[in-house]
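Here's a quick tour for anyone meeting this model for the first time. Take a look at the sequence and the 3D view, then read on.

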Amino acid sequence: MNSASQNFPHHLGVLRERMLHPTDYEYAVNYFLEEFAGDLAFVRASEPEQKPHLVAVLNIVVSKAIGHRVEVENAMVSYLREDRFVHGNAQADACIVLYCYFEDAD
């Protein structure tokens, strides 16, 4: 557990594969939480990044998920530059928002 930094290419590959599952989103979220979220080396390797376009997309996606228009707040965007992997969290309508995104998968 929490070992993503020991082999980023492997763990990012597994995460990408799980994110492509057509219906089971928990499959990817659980893997991210188990292998990445508590990995201090992963967190340190990720740089804070300003991505206002991503926050705008999060506003749309989260609004659709919640069922009414919301604005995400306190968005933290982290970027694992070498792997073009974006991840972070925010708050919206008293909910925690977790997200991850592979730029090359667009």
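## Two helices side by side

At what angle do helix 1 and helix 2 pack, and how far apart are their axes? Keep in mind that this is a predicted model. Helix 1 and helix 2 (residues 25-37) pack at an angle of about 160 degrees, and their axes are 8 Å apart. Angles over 145 degrees count as roughly antiparallel, so helix 1 is roughly antiparallel to helix 2. Their crossing is left-handed.

Who does the touching? On the helix 1 side, the contact is made by H11, L12, V14, L15, R18 and M19. Helix 2 brings Y27, A28, Y31, F32, E35 and F36.

Four of them form an open sheet, in the order 1-2-3-4, with antiparallel pairing. At the edges sit strand 1 (47-48) and strand 4 (95-102), each of which pairs on one side only.

Zoom in on strand 3 (residues 85-92) and strand 4: they run antiparallel and are joined by eight bridges. For instance, H87 has C100 in strand 4 as its bridge partner.

## Helices on the sheet

Helix 4 (residues 52-66) packs on the sheet, where it touches strand 2, strand 3 and strand 4. The direction of helix 4 makes about 125 degrees with that of strand 4.

Helix 1 (residues 8-19) turns up here too, lying across strand 2 (73-80), strand 3 and strand 4. Helix 1 runs at about 110 degrees to strand 4.

Notes
Residues are numbered from 1 along each chain as its sequence is written. This is a predicted model: local features need pLDDT of at least 70, side-chain atom pairs count only at pLDDT 80 or more; totals for chains, interfaces and linings use all residues. Side-chain values use heavy atoms; hydrogens and water are left out. Two strands pair if DSSP finds at least two bridges between them. Helices (H or I, at least four residues) and strands (E, at least two) are DSSP runs, numbered from the N terminus. Contact means heavy atoms within 4.5 Å. Axes are lines fitted to C-alpha atoms, for helices over the stretch in contact, and angles run from 0 to 180 degrees between N-to-C directions. Angles under 35 degrees count as roughly parallel, over 145 as roughly antiparallel, 65 to 115 as roughly perpendicular and the rest as oblique. A crossing is left-handed if the near helix is turned anticlockwise from the far one by less than a right angle, and right-handed if clockwise.
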